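Visitor: I am new to this structure and would like to go through it step by step. Could we look at it together?

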Amino acid sequence: MGNYSIDEFIRQTKQDERENDYFELETPRILEVNLKDLVWAKAGSMISYTGQIKFEREKMLEHGLGKMFKKALTGEGTSLMKAQGNGRLYLADQGKKITIFDLNNESITVNGNDLLAFEPTIEWDIQLMRKVAGMMSGGLFNVTLKGKGRVAITSHYEPLTLLVRPGEPVITDPNATVAWSGHLTPEFKTDISFRTFIGRGSGESIQMEFSGEGFVIVQPFEEVYNATSPST
């Protein structure tokens with residue numbers, strides 16, 4: 001296993017030369033964007049491209065003053081970049097698994113660190129979690145995306161989707177929570193009595209509680225966010 005001739009390795013790992021969709025999984029951890037106009041992507045996520053593509057980091061007022069203030073208040077450290085042109089663009093984020101959603105006038109809320117790319121037809125907004133202020137350190141913030149178009153998110157390893165039903169709330173660790181139904185609003189809560197049991201390593205007892213009807217996507221990994229670190 002892992003022993004190839006050069007020709008065999010090229011045949012098994014070369015890019016797909018066929019005309020593909022706008023978003024296509026080249027591998028489970030590499031997103032191919034067949035770019036004909038522009039795409040918004042996580043800054044630093046480009047690993048390769050062909051054709052004529054120009055990259056530009058999101059400007060301070062690119063999406064309006066309101067979103068700039070929200071980004072400042074949430075302390076988020078992840079920036080977007082705009083890729084514009086014509087060609088094939090390959091995106092990845094630290095080897096994380098990629099999932100593509102094709103929204104049809106639907107909405108989904110994604111942890112900002114797990115948002116990889118989205119079409120310009122998608123409307124988005126940063127969600128302020130007022131009740132989490134002072135409860136968690138780091139840059140936990142969320143982005144709600146809605147409309148028609150594709151959205152690519154990432155997760156460490158295989159994600160698990162938990163169904164939220166009326167009267168059956170779902171409780172999650174914020175550091176393991178990737179995304180959820182756009183209409184759900186989680187409540188943040190603490191439980192001092194479980195401080196030494198909940199949260200590997202840190203001993204934190206902060207939890208997210210989802211009530212109503214919808215879904216929550218979690219990953220088998222507790223990601224630690226640092227608002228002061230530069231995006232990757």
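Visitor: How many bridges join strand β11 to β14?
Guide: Please note that this is a predicted model. Strand β11, residues 170–172, is joined to β14 by 3 bridges, and the two run antiparallel.

Visitor: Which residue in β14 is the bridge partner of V170?
Guide: The bridge partner of V170 there is F210.

Visitor: How many bridges join β13 to β14?
Guide: Strand β13, residues 187–190, is joined to β14 by 4 bridges, again in an antiparallel arrangement. Within this pairing, E187 has E209 of β14 as its bridge partner.

Visitor: Let us change topic. Which residues have the most contacts inside the largest nonpolar core?
Guide: They are F118, L145 and V151, in a core of 19 residues. Strands β3, β6, β7, β8, β9 and β12 each supply at least two residues of this core. Strand β9 gives the most, with 4 residues.

Visitor: What does L145 touch?
Guide: Setting aside residues up to four places away in sequence, L145 touches a list of residues including L103, V110, L115, F118, W124 and V151. Apart from this core lies another one of 17 residues, with Y22, V33, A83 and L89 among them.

Visitor: Where is L116?
Guide: L116 is in strand β7.

Visitor: Is L116 buried or exposed?
Guide: L116 counts as buried because its relative accessibility is 1%, and the cut-off for buried is under 20%.

Visitor: Which residues is L116 in contact with?
Guide: Neighbours within four places in sequence aside, the contacts of L116 include L31, W40, A41, L91, I98 and I153. As for W40, its C-alpha lies 8.5 Å from that of L116, while the two residues are 76 apart in sequence.

Visitor: One more topic: how many aromatic pairs does the structure hold?
Guide: The structure holds 6 aromatic pairs. One of them is formed by Y4 and F9, with 5.7 Å centre to centre and 65° between the planes.

Visitor: Why does that pair count as edge-to-face?
Guide: The Y4 and F9 pair is edge-to-face because its planes are 65° apart, and the cut-off for that class is over 60 degrees.

Visitor: What are the relative accessible areas of Y4 and F9?
Guide: Y4 has a relative accessible area of 39% and is partly exposed. F9 is partly exposed as well, with a value of 43%.

Definitions and conventions. Residues numbered from 1 in each chain as written. Predicted model: local features only at pLDDT ≥ 70, side-chain atom pairs only at ≥ 80, totals over all residues. Heavy atoms only, no water. Pairing = 2+ DSSP bridges. Core = buried A, V, L, I, M, F, W, Y, C linked by side-chain atoms within 4.5 Å. Buried < 20%, exposed > 50% of the residue type's maximum accessible area, 1.4 Å probe, protein only. Contact = heavy atoms within 4.5 Å. Phe/Tyr/Trp six-rings, centres within 6.5 Å; stacked < 30°, edge-to-face > 60°.
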